[in-house]
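Look at the sequence and the model first.

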Amino acid sequence: MKRVRIHAGMVGLVFKNGNYTRVITEGKHWISFREHVAKYSLSQPFNAPRTLEILLKDQALAELLNVIEVKDNEIVLVYENGNFKQVLSAGRHTYWNDLIDYKFVTADLSKIEITEAIEKAIYSKPELSKYIRTFEIAAFEKAIMIVNDMFVKTLEHGTYHFWRNDQTIKIAKADMRQLQLEIAGQELLTKDKATVRINFYAQYKVTNIETALMHNKDYEKQLYIILQLALRAFVGAYTLDELLEQKETIAKAVLSDVKVQASKLGVNVLHTGIRDVILPGDMKDIMNQVLIAHKKAQANVVTRREETASTRSLLNTAKLMEDNSMLFKLKEMEYVEKIADKIGEITVAGNGNVIEQLKDIFSVNK
């Protein structure tokens, strides 16, 4: 016989001639010389030295072990004293249940949703993250979830986690903010066959994400085409002059025309507008010439109007002076005074009648 000591936190398995006989725990034990003891730490998982089914026939040993059976499409999360420790894959795993408080959480990977009581804080752990798919949806977005090419549900903003398995998950997102669509440099023909380039814009919002993403392909491109065709139709119904004068009217008409079609895309068009109407170089020169001629005609009209007013004023003055000799004389003296202001000196020559002549000029009564 020989004595074997099993220390605290350890356990021993006794084998005789290679066959398992019994388990011994903390303390001193006597064994025969033909027996040997394999010692195991209670703080470590138990790796069976023989077929586990044979060892578990010993009820004393079976009561000391936690046997975890992990099936295909399953994982088991192991917690030690309340803290996450590791992930167990398919197979059989054994732990001592005497020293450490173990907790085992089984997760079914064959489904999509994570319904198990698993803290999100450990989703990013390397041991667990490889089993999880993560999708981020921004605060201004919504998304639709498609599993195995079938629509499942609409997702609001947030972070979503799903089990990673052979099922396909697609997340299609849409921006729910007010958006702007630009139709830049669009060349169009007016009713009078003038070619113009128009910069047009539309402001819109996605109102039905399922309609936009599930029932329509590239809803933004389709909205662009709808706006483009509506703009082309309305511009073609106006002459160039009408187009330049009624830009706002055309923009409102386009808005009214595309609203119904846009709603079929899951979109609400809020506002439209023509930013610029750009004329070709030769057309611009012609328009400038027309404008100059128009302004010259306006200037001529103003000049003729002023000349007519001046002539009418002179005629009225002449009639007043004809009826009033004193007024005529005052007007005459006014002109003489203006002439005298421009004379530096006066030389008087004659037969002595100059004074009388000046007197006659400046006298009131002729």
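## Charges over rings

The charged end of Lys-103 is placed over the ring of Tyr-79, 5.6 Å from the ring's centre. This is a predicted model. A further charge–ring contact involves Arg-177, which lies over the face of Phe-140 at 3.7 Å from the ring centre.

## Aromatic pairs

The count of aromatic pairs is nine. One of them joins Phe-15 and Tyr-20: the ring centres are 5.8 Å apart and the planes stand at 70°, so the pair is edge-to-face. The cut-off for that class is over 60 degrees. Phe-15 and Tyr-20 are both buried.

Another pair is Tyr-40 with Trp-96. Their centres lie 6.5 Å apart with planes at 45°, so this pair is tilted. It links distant parts of the chain: Tyr-40 belongs to strand β5, Trp-96 to strand β9 (residues 91-96), and 56 residues separate them. Tyr-40 is buried at a relative accessible area of 16%. Trp-96 is buried too, at 1%. Together with Phe-46, Tyr-40 and Trp-96 make up one aromatic cluster.

## The three-stranded sheet

Three strands form an open sheet in the order β3-β2-β5, paired antiparallel. β3 (19-24) and β5 (35-41) are the edge strands. Each has a single partner, so one side of each has no neighbour in the sheet. Neighbouring strands are turned by 30° against each other on average, direction ignored.

Strand β2 (residues 10-16) and β3 run antiparallel and are joined by five bridges. Phe-15 has Tyr-20 in β3 as its bridge partner. These two residues also form the edge-to-face ring pair.

## Nonpolar cores

Nonpolar side chains tend to be buried together in soluble globular proteins. Here, the largest nonpolar core holds 38 residues. Ile-198, Phe-200, Leu-223, Leu-227, Leu-243 and Val-254 have the most contacts inside it. Elements giving two or more residues to this core include β12 (141-147), β16 (179-189), β17 (195-206), α5 (219-235), α7 (247-263) and β18 (267-278). The largest share, seven residues, comes from α5.

What does Ile-198 contact, leaving aside its neighbours within four places in sequence? Its contacts include Ile-183, Ala-184, Leu-188, Leu-231, Val-235, Leu-243, Ile-274 and Val-277. Gly-185, Gln-186 and Asp-276 are also in contact with Ile-198.

A second, separate core has 16 residues, among them Tyr-79, Leu-109, Tyr-131 and Trp-163. Tyr-79 is also the residue whose ring lies under the charged end of Lys-103.

Terms used: Residues are numbered from 1 along each chain as its sequence is written. This is a predicted model: local features need pLDDT of at least 70, side-chain atom pairs count only at pLDDT 80 or more; totals for chains, interfaces and linings use all residues. Side-chain values use heavy atoms; hydrogens and water are left out. Two strands pair if DSSP finds at least two bridges between them. Helices (H or I, at least four residues) and strands (E, at least two) are DSSP runs, numbered from the N terminus. Axes are lines fitted to C-alpha atoms, for helices over the stretch in contact, and angles run from 0 to 180 degrees between N-to-C directions. A nonpolar core is a set of buried Ala, Val, Leu, Ile, Met, Phe, Trp, Tyr and Cys residues joined through side-chain atoms within 4.5 Å. Buried means under 20% relative accessible area, exposed over 50%, partly exposed in between (1.4 Å probe, protein chains only). Contact means heavy atoms within 4.5 Å. Rings of Phe, Tyr and Trp (its six-membered ring) pair if their centres lie within 6.5 Å; planes under 30 degrees apart count as stacked, over 60 as edge-to-face and the rest as tilted. A charge sits over a ring if NZ of Lys or CZ of Arg is within 6 Å of the ring centre and within 35 degrees of the ring normal.
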